[in-house]
Amino acid sequence: MVLVLALGDLHVPHRAPDLPAKFKSMLVPGKIQHIICTGNLCIKEVHDYLKTLCPDLHIARGEYDEETRYPETKTLTIGQFKLGLCHGHQVIPWGDLDSLAMLQRQLDVDILVTGHTHQFTAYKHEGGVVINPGSATGAYSSITYDVNPSFVLMDIDGLRVVVYVYELIDGEVKVDKIDFKKTTTTTAH
Amino acid sequence: MVLERAEDEEKWLAEGIAAIQQNAFYMHRALDANNLREALKYSALMLSELRTSNLSPHKYYDLYMRAFGELRGLEMFFKDESRHGVSIVDLYELVQHAGNILPRLYLLCTVGSVYIKSKEAPAKDILKDLVEMCRGVQHPIRGLFLRSYLSQVSRDKLPDIGSEYEGDGDTVMDAVEFVLQNFTEMNKLWVRLQHQGPGRIREKREKERSELRDLVGKNLHVLSQIEGVDLEMYKETVLPGVLEQVVNCKDDLAQYYLMECLIQVFPDEYHLQTLEALLGSCSQLQPTVDVKMLLSQLMERLSNYAASSPDVLPEFLQVEAFAKLSSAIWKVVDAHAEMPVVGAISLYVSLLTFTLRVHPDRLDYVDQVLGACVNKLSGKPKLEDRRARKQIVALLSAPIEKYNDVVRALTLPNYPRVMEYLDSSTNKQMAMVIIQSIMKNNTCIKEADKVEVLFELIEGLVKDVDGIAVDELDEEDFNEEQNYVARLIHMPYNDDSEEMLKIMCAVQKHIMGGGPKRLPFTVPPLVFSALRLVRRLQSQDGEVVGEELPATPRKLFRLLSQIIEALSSVPSPELALRLYLQCAEAAGDCDLEPVAYEFFTQAFVLYEEEVADSKAQVTAIHLIIGSLQRMTVFGVENRDTLTHKATGYAAKLLKKPDQCRAVYACSHLFWVDDQKGIKDGERVLLCLKRALRIANAAQQMASVTRGSAGPVTLFVEILNKYLYLFEKGNPQITSSAIQSLVELIQNEMQSDSTTQDPASDTFFASTVRYIQYQKEKGGVMGEKYEPKKV
């Protein structure tokens with residue numbers, strides 16, 4: 001089993017001072033094999049912190065990121081799955097699943113991870129799965145009201161991925177999980 | 001000379017030891033034969049070796065210990081009357097006939113010890129006699145060791161409570177008086193050593209004195225171990241006796257050592273109850289004595305005592321410990337005006353630590369200590385001494401660490417005053433300590449006036465002070481500092497909107513003067529803080545009727561405008577553009593159409609005039625389109641103006657592919673999938689067609705400049721858009737249009753002049769699969785897709 005942490009839109013220090021303490025105590029170095037980050041960290045300190053959690057760090061550029069050289073999109077293969085990463089402000093209408101599905105077809109990936117809306121979603125369509133880990137700090141968003149801090153942990157095992165979503169609601173961490181399965185090794189249908 | 005002397009000493013010591021051993025041998029022979037006369041003779045000879053003046057204390061001690069060992073045998077002999085036939089009273093008389101005074105007195109003490117044990121006379125009488133007789137030896141080293149001998153042999157024979165020697169007029173008081181007297185005489189001898197010998201070997205004298213000090217100090221140990229010495233007796237007799245000698249001897253070495261001893265040896269409870277006397281004596285010590293060290297030690301002991309159990313805390317209050325300690329300290333600092341500042345401040349640090357331990361809730365005490373520091377520093381230039389600065393940082397950090405609540409420190413009037421005396425780099429260091437404490441403890445700062453004080457304290461981070469330009473700072477350090485300030489801005493919070501508005505105005509006031517290098521860090525957090533407040537106000541109903549205008553979204557937007565405007569001085573157009581768009585969206589949510597329009601105008605102006613970099617333009621235009629697409633507040637005219645502008649700029653991007661993508665993105669401006677959203681099928685189609693034309697042009701340009709047409713990706717993207725809008729039910733998008741597009745792409749892909757691109761091929765393939773999938777879905781979607789032939 002391979003653990004992949006997906007998170008983003010932290011907006012430190014523009015919109016939030018730091019990750020919630022409860023999340024920080026859960027995210028321990030050495031337990032996670034990959035981190036994919038949807039962007040808008042925004043500063044180097046956050047990058048360095050994520051690097052301490054896991055050296056295999058992938059980041060897509062958010063529109064507020066201090067580091068302008070992060071790529072607009074990124075694809076990587078983990079186990080049997082092809083993953084795509086994009087912040088999402090480039091895909092209009094923002095948060096629209098059909099438009100995101102188009103990006104997914106273009107990148108040719110089983111799992112597309114995007115952010116920007118600060119709202120957790122996990123959506124399965126004929127082309128694959130679209131996951132939005134939300135905002136890890138619960139940062140303000142013009143798109144979503146009442147943002148709760150959230151992040152996603154994916155457990156990739158063969159042709160199956162279990163998506164755990166951790167949300168901080170009223171001071172308590174709530175966990176939910178969703179299962180996805182690939183039918184063949186080429187593309188998910 | 002010195003080496004010779006050292007060698008000589010070794011020789012003399014060896015000779016002395018040899019002589020002792022020899023005489024001891026004969027003495028033991030006499031003891032075995034029960035020959036008192038001979039025993040006395042040889043013991044006296046043996047003890048005569050201790051009459052030497054040639055040895056340093058260290059060596060004399062060796063000699064002394066030899067003699068001491070041998071005397072134990074003699075003592076046992078004296079004890080057994082059957083062996084020598086002389087009564088102890090007569091024996092006491094007999095030994096006084098010894099020739100020289102030193103041996104005589106050693107023998108007398110030895111007999112005295114036996115005499116006391118025999119109980120034929122009251123212990124106190126014998127002890128008194130002995131301690132008086134020892135006055136006969138006034139040589140410092142010899143006298144000290146003699147009296148030390150007396151102390152050792154009498155130790156277990158003092159008339160203490162519960163001891164067998166108590167009773168009939170023999171009381172603890174007698175024991176105490178005996179020890180005190182011995183102590184006093186020993187101290188006098190010890191001090192006298194300082195003045196012996198020529199001046200140039202003063203250092204040597206001090207070393208010798210240092211070696212001897214424990215002999216004197218031992219008496220205090222003995223006093224502390226007398227069971228019968230309770231607090232009352234300590235207060236009335238022991239302490240006054242000791243302090244009188246300490247003060248009157250006027251010797252700085254003795255004073256320091258003995259005070260230290262006193263503090264260490266007696267229980268803290270006693271010190272607490274005799275604080276006045278102790279502190280009073282401290283102020284009477286020689287000027288060269290390091291009183292601050294003593295006071296610090298005392299306060300540390302008392303602090304630990306306080307920490308040991310909460311039950312003892314009322315005692316501190318009862319004796320007014322703080323008042324006494326603090327006034328003693330002020331006196332010491334005043335009396336030693338020439339003391340370097342670092343000395344005074346380290347005293348204040350000790351006092352503050354004590355205060356925080358013992359009286360944590362007495363903020364007025366804490367403030368007093370800080371006030372003393374302010375007084376000490378006033379009138380002087382900013383601190384240069386590194387150690388002094390360190391001490392001040394320790395002083396200021398102590399309350400923060402203790403309370404874990406910076407807000408408490410903020411309420412201390414003297415706190416900011418102390419900070420004023422710091423040079424700018426230490427001030428910044430302190431400011432960082434404060435901010436880090438807030439972040440670590442998640443301290444909530446609820447009032448605007450506290451926020452004011454806070455920002456004044458961290459002023460060094462927020463603006464240029466002391467004429468030190470920002471450029472001189474290391475960039476990484478500067479960024480770290482400013483990011484801390486940015487994070488700090490999120491911490492002040494109040495549920496009450498009015499107060500929250502005041503807080504934000506306070507923050508704004510302080511950060512606006514930060515200069516172009518700081519604004520990009522501090523403006524965004526303030527903006528988002530304001531936007532959060534706007535959202536909160538949105539959810540509250542109506543307006544509060546009252547005299548003061550309540551905080552309203554409108555007010556906040558005016559404030560926001562001002563704040564973002566400041567970024568033009570940096571200049572930071574891209575950031576400002578993003579923030580204007582955020583405000584526009586928020587204004588739209590509040591139904592404030594003109595305000596939202598104004599924000600969009602500002603964003604467009606920045607785009608037109610300031611965003612020159614083509615890559616930045618691409619992102620910026622997408623942000624504009626994305627925001628505009630979601631806005632529902634605009635009436636037809638305003639919306640038309642804005643969408644027209646957006647589309648126009650989209651088409652004017654530098655690179656054709658960028659143009660194409662921006663233009664098809666604009667198609668979403670005319671089709672909002674919401675019941676009251678705009679649904680202008682024609683304009684949508686216009687956008688898509690325009691995008692197609694641009695894609696075509698891009699293809700052709702590629703053929704001309706590179707010899708082959710570029711990849712078909714753009715066409716596939718446009719196709720996907722067609723499908724999207726087709727599915728949404730746009731009547732202008734027909735099946736046949738899609739059909740032709742599909743065929744177009746297929747042709748292009750098969751054409752020789754097109755560059756092969758696996759990515760586009762896969763994209764097209766998955767698009768085709770999607771169409772297939774939709775067809776097979778059946779239902780409404782299936783019907784729509786039915787005509788498609790792929």
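Visitor: What should I know before reading the model?

Guide: Because the model is predicted, local features need pLDDT of at least 70 and side-chain atom pairs count only at pLDDT 80 or more, while totals for chains, interfaces and linings use all residues. Residues are numbered from 1 along each chain as its sequence is written, chains are lettered from A and ligands numbered from 1 in the order in which they are written, and side-chain values use heavy atoms, with hydrogens and water left out.

Visitor: How is a pair of aromatic rings described?

Guide: Such a pair is described by the distance of the centres and the angle of the planes. Rings of Phe, Tyr and Trp (its six-membered ring) pair if their centres lie within 6.5 Å, and planes under 30 degrees apart count as stacked, over 60 as edge-to-face and the rest as tilted. The whole structure holds 29 aromatic pairs over all chains. In one of them, the centres of Tyr140(A) and Phe528(B) are 5.9 Å apart with planes at 55 degrees, so the pair is tilted.

Visitor: Are Tyr140(A) and Phe528(B) buried or exposed?

Guide: Both are buried, where buried means under 20% relative accessible area, exposed over 50% and partly exposed in between (1.4 Å probe, protein chains only).

Visitor: Which residue forms a salt bridge with Arg661(B)?

Guide: A salt bridge is a side-chain nitrogen of Lys or Arg within 4 Å of a carboxyl oxygen of Asp or Glu. Arg661(B) meets Glu717(B) in one, at 2.7 Å from N to O. Arg661(B) is partly exposed, with a relative accessible area of 29%, whereas Glu717(B) is buried at 1%.
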